[in-house]
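Have the structure open as you read.

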Amino acid sequence: MHKYSKFLVSLFFIGIIFRVSAYGQQSDVTHVNATRAAIQEISLDGQWQFHPVTTNESMSVNDIDSYAERITQDTASWYTIKVPQFLNRIVWWNKISQEYEKQEDARMASFPFDAQHTQSGWYRKNLVFDNADAHSEISVDFEGVAMISRVYCNGHYVGGHLGMFGSFSCRLTPYLNWKGKNTISVYVERGAQTKDADQVISVAVTAPITKGMLSSLNAGLFGGFGNGPRGKSMGIWQPVKLKVSKVGGEIKDVFFNPSLNGHHIEFTLHNPLTSPITGTIEYSLKNTKTGQLLIKDRVASNVLLDPQADKEITVDKDGLNPKLWTPDKPELYTLEVNWLDSKGHIVDSRSEVVGYRTVTVKGEQIYLNGHPYWVRGANMPPYGYRPNDSATAYHFLQLMHDGNTQVTRSHGNPWNNLWYSAADKIGIGVSAEGVRSWALMTKAPPPPTPILEHWEKEQLETVKQYRNHPSILFYEVANEGLQGDDENPEKLAIFKNIIDKMRKLDPSRPIIQTSGDPDNQKIADIEDIHSYWGWYESSSYVNDYSKPMRGLTIGDKRPFMNEECAIPYSSIDNGKILPFYIPLYSAQPWVGDIGVSGNDTSYYQDHIQSEAKMKAEKLRYSRQKLPTAGFMLFCNATWVEHALAKPPSEWNLFPVYHAVKQAFQPVLVAWQTPQSVFYAGDRIHPKIYVVNDDANFSNLNGLKLLVKVVNQTGKILGSKKQSLGDVPYYAVKDYSFEMTIPQVKSADKEMVSAKVVLQLTDKNGREVSSNSYEVRIGSHQWAARDDKDNTKLTIAEAGCGKEILSYLNQTGMHVQKLKETSAKADIVLLGPDAKDISLQQATSSLKPNGRLIILGQGEDSHRFCQDIIVNDTAHKVSSKQQMDNFMYSNGKASGTVEKVKGEFVEMLGWDKKLPVFNGLAAMDWKWWMQGDTLPSFACNVSHKINANDNSVIPLGRFLSPHFYWGGNLKKIYESNIGYPVFAVNRDWGKLIVCDLAIKEAISYDPRAAKTLTNLIVEPIQ
């Protein structure tokens, strides 16, 4: 070789060495101690070499195979990278943490090549087997590789996979060099190429898949929202391990199907050799925690396995007395299965951690271990962001368990063994979702047959891979997979075909067709329709969950379990609104601009906490009248601050976590009222509910209730005891109850914070449940009076009704009937029943620069201000066809008003401490209390006005909860905004139109009375 050429080659190799060592410690050869006496599983996680294929090197299958033959000597640019991980930015569901996004930025920047845009590449691992020889059987097992993979051993093709979720095993034995180096090489491809779209890349299904179809492969939730092209993932993203056993057959699969006193086990044996073999199968089960032997049994002896054939052997046992697995008490057993050769030597062994439990359905109920079971759940844990982070898995699921949300959903896609194993041990039941989210949504036709077949194949692979985990309680095929087209017979047949095959693989678990859509043909076992109460829809403060409604039931006598019952979600970095939702105006209906744009996150967090607690409690005790099987609150990944970016020791819990922990305790004692603000001295009559979902399925006897009102230091302000009697397991009982809100001296000057505490004890005095509610107490004097001398004011009223008149009589102001007055009044107050009075009649009794206040007249109030009313048809809530039946508007709009049960009205300018808001907090026009158990809302009507008119003073702004908008979002927002309360400057004085729920709330809620006081007394500018 020419000296100059040798020099260039030397520089080339020096460059490769430098590039490899610069990106982590390079180990060219990994030694594997394949001990002859043991059956081993050896992790291959860690450092692998990787060579990216440039975009102009589009490779056919023949190219790939040809390159694999020479890869052991390849001197291309190989880098050292960590396995498992994605070679792409992780995008899973939503960007709930900017801290995490920055970490992903750093991870992607740390690759010494442009990983995000690399379309394909090669992994390589060099192995030397110490102590192994031709009597060993060695295979490599991949739990998941995205999206296309082909595996080679010393240049020989040994297997591969299409799709990112199915696990697969490759036998290496025939191609191994027992005395020297062996190279495992894995070709991976992203699955989003469009070049050579007609080129066939797989025949893993009955019809060929071309490159043009790759973006339609199953991607679960990876890639974010939507069901369009999402083939972005690439890499060995799940663990890899070597399996070392002995020549003479393998235990290919084990399926453990438990009963309450025994089990049915299916063993699948495989002979990889070209000659027949015989052997014996035996197994044992031991308590994983104590090591106590439950059973040891020899299933079959002298089993003959034909060359390269499989054989299935089954065993059924009963009469055992195992400890049963439940989410509350996760008892586990280790199943050890051995395959012995004709001499009694162990040839292969397989170990599985299993649990004894049954999940069945009957009528409208789910049964766990033979007992009715109401699912107290929450999803979605942050699996997709940290799929291989053991600390995240175990700590997050432990927080769930400790917080009484003991069932969840592997939302968007299946979990892996790490997360399922954590759920097994900690005690978290799982609804295992399939591999294809939004599978057949909208009116679009189904994907091509090859994609459908691949979907089915990979779905069944994941069922088979994970079915021994006791934590899996249910299967569901897809998330919102039929949204907008749930009656399409062609699509329903596709789902039925998959469900039928899932049942054959695992008949032990109920199945949900698609989480979020009705199962119109009753194909599956459990119904599941999503709801977004308190986020995109009206909240639990006005909803009645004891009556049928979407998201609660469809009344077809099957269990109804809502797996996506939304709680508003926040950034886990700081508790603020997720940036994604700010331009959608999703949070403004609940906390206004001050809660969306301000720095005080308590407004939003308090809303999340309040809605979560009210919803969880009402849903539980409402099953007394409307049977349900449980709910999963969404999304609990946003309940733990810093859960993605910091170690668990630095995590913090947002208030919603503690609220749900109370509401979902196994035995619940709760009071029915949504009321949280009271007049001191008022007699209240909330119902008390006891819900018995005891963790031991036990009856409760001799129950006694203690209700206390305590101040912020814990001092008891008032209390009451009541005997409740017995409550059988799974029963819901309600009790009449009344108590007096204690007098608090300081309540005459300001609202006083306190807490109502409920304590439930059994006949032995043992506390079986406790609950608490944050409340505020105000006096009638505080609400009705102002710092000014109100006694000099005169009011002429008409049509106000007894509730408002009773308040007016407490103010010290001189009140008289409008039609009876002869003197001019400072205030003319027209209530809901004075719609026949004209402007001339009203102002003729008003002093110059006085106030005309119109209460609760809705659209009829426009006769006083027609010049500033806008006739504008409210914009359609959703421009997406598939959402039309999924969400509904909170109110009904005409051209000039929207009639609503408006739960929150934003005080405009509150941050400037305007006098008209004197004594009121920023969220005080929210959930006004209207008596014991009645719905809580703050306004009835929202007016469409020209708020930019110089004469108009908008005081309160209202926006109905809504689902996703499409189009010019700002214009849609402006067209939907209304004003329940506003003032107009006139030459004769000031007109105030108020459709806040004054009449309904003034007798129960001091905030309503204080608002009316301010409208009468305070300056409005």
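A word on naming before the first stop: helices (H or I, at least four residues) and strands (E, at least two) are DSSP runs, numbered from the N terminus. Also keep in mind that this is a predicted model.

With that naming, Met 380 sits in the loop that runs between strand S26 (375-378) and helix H4 (390-402). Is Met 380 buried or exposed? Its relative accessible area is 1%, so Met 380 is buried. Leaving aside residues up to four places away in sequence, Met 380 touches Trp 92, Trp 93, Leu 221, His 411, Phe 634, Cys 635, Asn 636 and Ala 637. Ala 444 is another matter: Met 380 and Ala 444 are 64 residues apart in sequence, and their C-alpha atoms are 28 Å apart in space.

**Helix pairs**

Two packed helices are described by the angle between their axes and the distance between the axes.

| Helix pair | Angle | Axis distance | Handedness |
|---|---|---|---|
| H6 (residues 449-466) and H7 (residues 489-505) | about 25° | 10 Å apart | right-handed |
| H8 and H9 | roughly 160° | within 9 Å | left-handed |
| H12 (residues 801-808) and H16 (residues 1006-1017) | roughly 70° | within 11 Å | right-handed |

Start with H6 and H7, whose axes pack at an angle of about 25°. H6 and H7 are therefore roughly parallel to each other. On the H6 side, the contact is made by Leu 452, Trp 455, Glu 456, Gln 459, Leu 460, Val 463 and Lys 464. H7 brings Ile 494, Phe 495, Asn 497, Ile 498, Lys 501, Met 502 and Leu 505 to the contact. Sorted by class, the contact of H6 with H7 comes to 9 nonpolar, 2 polar and 3 charged residues. As you look at the spacing of those residues, recall that an α-helix has 3.6 residues a turn, so residues three or four places apart point the same way.

Next up are H8 and H9, with axes crossing at roughly 160°. That angle is why H8 and H9 count as roughly antiparallel to each other. Trp 590, Val 591, Ile 594 and Gly 595 of H8 make the contact with Tyr 603, Tyr 604 and His 607 of H9. This contact of H8 with H9 divides into 5 nonpolar, 2 polar and no charged residues.

In helix H8 (residues 588-597), 7 of the 10 residues are buried, so H8 is largely enclosed by the rest of the structure. The buried ones are Gln 588, Pro 589, Trp 590, Val 591, Gly 592, Gly 595 and Val 596. What do the buried residues of H8 pack against? Their partners are helix H9 (602-621) and strand S51 (906-907).

The last pair is H12 and H16, with axes that cross at roughly 70°. That makes H12 roughly perpendicular to H16. Here Ile 804, Tyr 807 and Leu 808 in H12 meet Ala 1009, Leu 1012, Thr 1013 and Ile 1016 in H16. By class, the contact of H12 with H16 has 6 nonpolar residues, 1 polar and no charged.

**A polar pair**

Now for Glu 898, which is in strand S50 (residues 897-902). With 5% relative accessibility, Glu 898 counts as buried. Which side chain does the side chain of Glu 898 make a polar contact with? Its partner is the side chain of Ser 960, at 2.6 Å. Ser 960 belongs to the loop between strand S53 (952-958) and helix H14 (969-976), and at 7% relative accessibility Ser 960 counts as buried. As for Thr 360, Glu 898 and Thr 360 are 538 residues apart in sequence and 46 Å apart in space, C-alpha to C-alpha.

**Two more residues**

Val 981 lies in strand S54 (residues 978-986). Its relative accessible area is 0%, so Val 981 is buried. Not counting residues up to four places away in sequence, Val 981 touches Trp 925, Pro 954, Leu 955, Gly 956, Val 993, Cys 994, Leu 996 and Leu 1015. Val 941 is 40 residues from Val 981 along the chain, and their C-alpha atoms are separated by 9.1 Å.

Finally, Pro 647 is in the loop between strand S33 (640-641) and strand S34 (652-653). Pro 647 has a relative accessible area of 41%, so Pro 647 is partly exposed. Pro 647 and Met 632 are 15 residues apart in sequence, with 26 Å between them in space, C-alpha to C-alpha.

Notes. Residues numbered from 1 in each chain as written. Predicted model: local features only at pLDDT ≥ 70, side-chain atom pairs only at ≥ 80, totals over all residues. Heavy atoms only, no water. Axes fitted to C-alpha atoms, helices over the stretch in contact; angles between N-to-C directions. Parallel < 35°, antiparallel > 145°, perpendicular 65-115°, else oblique. Left-handed = near helix turned anticlockwise from the far one by under 90°. Contact = heavy atoms within 4.5 Å. Nonpolar A, V, L, I, M, F, W, Y, C, P; charged D, E, K, R; others polar. Buried < 20%, exposed > 50% of the residue type's maximum accessible area, 1.4 Å probe, protein only. Polar contact = N/O pair within 3.5 Å; in protein donor to acceptor, adjacent residues only side chain to side chain.
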